[in-house]
Amino acid sequence: MDGRRISEIMSIRKIVTLPDPVLRTRARKIKVFDSKVQRLADDMLETMRAAPGVGLAAPQLGRSQRLILVEYAEADDDPEAPPVPPKLFVVANPEIVRHSTETVSANEGCLSIPGYLGEVERFQSITLRGYNLHGKPLRVKATGWLARIFQHEIDHLDGVLFIDRATQVWKVEDQEAVQVSPTQDESRKRQAVSS
Ligand code: CO
């Protein structure tokens with residue numbers, strides 16, 4: 001199947017929530033990069049955008065495979081600057097190969113744990129290695145929120161959730177009104193980043 005036909009049949013799927021055991025299972029490596037994996041990535045993309053979320057891991061669609069998507073616009077420091085379009089990363093078998101010693105705490109949510117937020121400490125910057133959907137190796141360097149989202153998604157592949165790492169977790173009364181105020185170096189308020 002070519003890309004166009006695949007994109008025509010992609011669909012929004014139900015996001016698995018706790019206590020589904022798939023969220024606590026270590027996912028399998030992707031060994032064959034075929035149209036099934038492409039189809040899974042397409043469904044993940046559409047489901048993530050509809051949620052909306054900034055990242056999604058295959059176990060969140062009930063598929064115990066090491067595939068993550070991250071789509072995030074890195075904010076410019078200058079508030080007058082035009083908005084940066086979000087960048088999409090699709091990574092199979094991601095692995096963090098380097099990370100900063102510096103860590104930062106910020107609030108996170110998860111589409112698989114609706115209604116809760118937690119304060120989680122993450123590495124400030126990471127380098128990850130993985131593969132694209134054609135099985136070609138890729139490498140991504142990320143800092144700040146982008147690095148945080150990658151760490152959150154990679155945790156999903158090991159059955160780890162933000163509530164396991166959080167220093168505190170709290171229930172959100174009105175999800176529509178949720179605002180997360182990120183770390184000091186990112187002063188602008190953002191919408192809750194759930195992934
Ligand atoms: Co999540």
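## Two cis peptide bonds

Let's start with Pro52, which sits in the loop between H2 and E1. The peptide bond from Ala51 to Pro52 is cis, with omega near -10°. Helix and strand names such as these refer to DSSP runs, numbered from the N terminus (helices are H or I, at least four residues; strands are E, at least two). This is a predicted model, in which local features need pLDDT of at least 70 and side-chain atom pairs count only at pLDDT 80 or more, while totals for chains, interfaces and linings use all residues. Residues are numbered from 1 along each chain as its sequence is written.

Another cis peptide bond joins Leu18 and Pro19, with omega at about 5°. Pro19 lies in the loop between helix H1 (3-9) and H2.

Most residues other than glycine have a negative phi, and most peptide bonds are trans. Asn93, a residue in strand E3, has a positive phi, near 50°.

Five strands make up an open, antiparallel sheet in the order E1-E2-E3-E6-E7. Strands pair if DSSP finds at least two bridges between them. At the edges are strand E1 (55-57) and strand E7 (137-143), each pairing on one side only. From one strand to the next, the twist averages 40°.

Strand E3 (residues 87-99) is joined to strand E6 (residues 125-131) by five bridges, and Ile96 stands opposite Leu128 in E6. Helix H2 (residues 35-50) packs on the sheet, touching E1, strand E2 (67-72) and E3. Contact here means C-beta atoms, placed from the backbone, within 7 Å. The direction of H2 makes about 40° with that of E2, whereas helix H3 (residues 144-157), which touches E1, E2, E3, E6 and E7, makes about 160° with E2. Such angles run from 0 to 180 degrees between N-to-C directions, with axes fitted to C-alpha atoms, for helices over the stretch in contact.

## The nonpolar core

The largest nonpolar core has 37 residues. A core is a set of buried Ala, Val, Leu, Ile, Met, Phe, Trp, Tyr and Cys residues joined through C-beta atoms within 7 Å. Which element gives the most to this core? That is H3, with seven residues.

Leu69 is among the residues with the most contacts inside the core. Its contacts include Ala41, Met44, Leu56 and Phe89.

Technical notes. Contact = placed C-beta atoms within 7 Å. Buried ≥ 20, exposed ≤ 12 C-beta atoms within 10 Å, placed from the backbone. Lists of a residue's contacts leave out its neighbours within four places in sequence.
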